[in-house]
Amino acid sequence: VTFNLPEILRSKREMRQRLAARPVGEKLRLLDELRERALAIAASRSRGAAPSRPSIGTTPQTPGGN
Amino acid sequence: VKVKQILALVNRMQADGVIERYAIGGAVGATFYLEPIATLDVDIFVAFRPEPGRLLVSPLPIIEYLRARGCTLQGEYIIIADWPVQFLPPTGPLAEEALAEARLFDVEGEPAWVFSAEHLAAIALETGRPKDKTRLLQFIESGALDLGRLDAILVRHGLQERWRRFEQQFLEDGP
């Protein structure tokens, strides 16, 4: 492990080249996985989204209320 | 591979005469040449069969064909093998040429027509959103492009000035 920036960029480039050179079927499998991961992240974000702030004069709502 | 299931269905749809030519574009198309590029949908460009007596092409035959095979609609997308898939007509001369000159790949025994790397790069330049410029840079850095072929495409479609600006912005060492 190094904190040498040119070295980091070089190794990133090499990793991208290695990935690009993989068989197409394998790359498409990775696409499936990337999409599933992105959807899982999006779902967890929406679950964890802060409830909207009650405006002045309204009664604060409790979870599951209403 | 779910994308392979999409290909199998689209190939069958082509064999059954619902569509003529097709080719994959967008991030999934680019993944055939580059490292996998995360995306949430699949863009498939198709030559729609013109219906007799109609001036506008309609995606209805595709929708009916796929719904009969268990696919569902979600807005502009058709869900195939869990992926939202968008069927698009070529929207201009560049996309028409890209469709006509698509390359044939083999995905674990399943044929796949995909836009050429040079056409994907030219379309990215033409579209010009930040993510398209990033993709164009990825293509250039990867060495996947035949630059002579790309140049000919840019000349044919009047994109040289746009390319010159892109070069100035991203490829020239500035002060």
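Which side chains meet in a salt bridge at 2.9 Å, N to O? They are those of Glu108(B) and Arg29(A). The legends below describe this pair and its surroundings in a predicted model.

**View 1. Salt bridges and polar contacts between chain B and chain A.** The pair formed by Glu108(B) and Arg29(A) has an N to O distance of 2.9 Å. Across the interface of chain B and chain A, four salt bridges are found. Polar contacts across this interface link 10 residue pairs, with both residues at pLDDT 80 or more. On chain B, the side that touches chain A draws at least two residues from each of helix H1 (2-15), helix H2 (26-31), strand E5 (83-88) and strand E6 (103-107). By residue class, this side of chain B holds 14 nonpolar, two polar and five charged residues.

**View 2. The area buried between chain B and chain A.** Chain B contributes 21 residues to the contact, and chain A contributes 18 residues. Together the two chains bury about 1800 Å², with 64% of this area on carbon and sulfur atoms. Of the area that chain B buries against chain A, 29% comes from Glu35(B), Pro36(B) and Glu141(B), more than from any other three residues.

View 3. Glu35(B) sits in the loop that lies between H2 and E2 of chain B. Is Glu35(B) buried or exposed? Glu35(B) counts as buried because its relative accessible area is 9%, under the 20% cut-off. Apart from neighbours within four places in sequence, Glu35(B) is in contact with Arg16(A), Leu19(A) and Ala20(A) in chain A, and with Gln138(B) in its own chain. With Gln138(B) there is a polar contact between side chains, at 2.9 Å.

**View 4. Strand E5 of chain B and the strands paired with it.** Five of the six residues of E5(B) are buried, and the strand is mostly covered. Strand E2 (residues 42-48) of chain B pairs with E5(B) in the parallel sense, over four bridges. In E5(B), Val85(B) is the residue opposite Val42(B). Strand E4 (residues 77-80) of chain B runs antiparallel to E5(B) and is joined to it by three bridges.

**View 5. The hairpin of E4(B) and E5(B).** Two residues separate E4(B) from E5(B) in this hairpin. One residue of the turn, Ala81(B), has a positive phi of about 50 degrees. Ile80(B) has Trp83(B) in E5(B) as its bridge partner. E5(B) is also among the elements that supply at least two residues to the side of chain B touching chain A.

Notes:
Residues numbered from 1 in each chain as written. Chains lettered and ligands numbered in written order. Predicted model: local features only at pLDDT ≥ 70, side-chain atom pairs only at ≥ 80, totals over all residues. Heavy atoms only, no water. Contact = heavy atoms within 4.5 Å. Buried area = accessible area lost by both parts, 1.4 Å probe. Polar contact = N/O pair within 3.5 Å; in protein donor to acceptor, adjacent residues only side chain to side chain. Nonpolar A, V, L, I, M, F, W, Y, C, P; charged D, E, K, R; others polar. Buried < 20%, exposed > 50% of the residue type's maximum accessible area, 1.4 Å probe, protein only. Pairing = 2+ DSSP bridges.
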